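Good morning, and thank you for coming. Please look at the sequence and the structure first, and then I shall go through a few of the features.

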Amino acid sequence: MSAEKIRILGITGPSGCGKDTAARFIKNLYPGTFHYVTLCTTRPPRDKDENGYHFLLPNEFLQQVIDGTMLNAQEFNGWYYGLSKNDLINSKINVLPMNNEMILQMIEENRKDYTLDIVFIETLDKPRLLHILQ
């Protein structure tokens, strides 16, 4: 009997469209079905109460990449961001905000241990840009 695939629901769209808000809303609406996945980063927290990421030291992040625990890894503005397998739950649909690079990397890898479904959020530019500026 084959192992059950990990289910991932990626929420994507332009910057400031509400990806994270939508992912958390889905998880909160159906907590028995969805698990919100917290991504990893090597950047420092922006404030002492920020909890939107698992903050790792660069050597900790790299070790997860080497071990194969980091399912997805990318660099942005000198910091590393990734999706750790340790944060996924087999018994629920794992929902998380994703950028295009994450999605493309996961599609190109064509791994057989997970399924990936994508929801794209389309918004009007003016409210989205106002949100970013706030």
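This is a predicted model: local features need pLDDT of at least 70, side-chain atom pairs count only at pLDDT 80 or more; totals for chains, interfaces and linings use all residues.

In which strand does Thr12 lie? Thr12 belongs to strand 1, residues 6-12. Residues are numbered from 1 along each chain as its sequence is written, and side-chain values use heavy atoms, with hydrogens and water left out.

A word on terms: helices (H or I, at least four residues) and strands (E, at least two) are DSSP runs, numbered from the N terminus. Thr12 is buried, at 3% relative accessible area; buried means under 20%, exposed over 50%, and partly exposed in between, with a 1.4 Å probe and protein chains only. Contact means heavy atoms within 4.5 Å. Neighbours within four places in sequence aside, the contacts of Thr12 include Lys19, Met98, Asn100, Ile103 and Phe120.

Let us turn to Leu39, in strand 3. Leu39 is buried too, with a relative accessible area of 11%. With neighbours within four places again left aside, Leu39 touches residues including Tyr53, Leu83, Pro97 and Met102. The C-alpha atoms of Leu39 and Asn100 are 15 Å apart, and 61 residues separate the two along the chain.

Which residues of helix 3 are buried? They are Met102, Ile103 and Met106. These residues cover an arc of only 95° around the axis, so they sit on the same side of helix 3; the arc is that of the directions from the helix axis to the C-beta atoms. Among the elements that cover them are strand 1, strand 3 (39-41), strand 7 (93-97) and strand 8 (114-120).

Next, the largest pocket. It holds about 1100 Å³ of space. Of its 33 lining residues, Ser15, Lys19, Asp20, Tyr53 and Pro97 are the closest to its centre. Helix 1 (19-29), strand 5 (70-76), strand 6 (79-84), helix 3 (100-109) and helix 4 (125-133) each give two or more residues to the lining.

How was this pocket defined? On a 1 Å grid over the protein atoms alone, a pocket is an open set of points with protein on both sides within 12 Å along at least five of seven lines, whereas a cavity is a set where a 1.4 Å probe fits but cannot get out; lining residues have an atom within 4 Å of a point. Grid points are joined across faces, edges and corners, and the volume is the space filled by probe spheres set on the points.

Now the aromatic rings. The whole structure contains four aromatic pairs. Rings of Phe, Tyr and Trp (its six-membered ring) pair if their centres lie within 6.5 Å; planes under 30 degrees apart count as stacked, over 60 as edge-to-face and the rest as tilted. The ring centres of Tyr30 and Phe34 are 6.3 Å apart and the planes stand at 55°, so this pair is tilted. Tyr30 is partly exposed at 47% relative accessible area, whereas Phe34 is buried at 14%. Tyr53, Phe55 and Tyr81 form one aromatic cluster.

Finally, the backbone. Most residues other than glycine have a negative phi. Asn77, in the loop between strand 5 and strand 6, has a positive phi of about 55°. Asn77 is exposed, at 61% relative accessibility. Asn110, in the loop between helix 3 and strand 8, also has a positive phi, near 50°.
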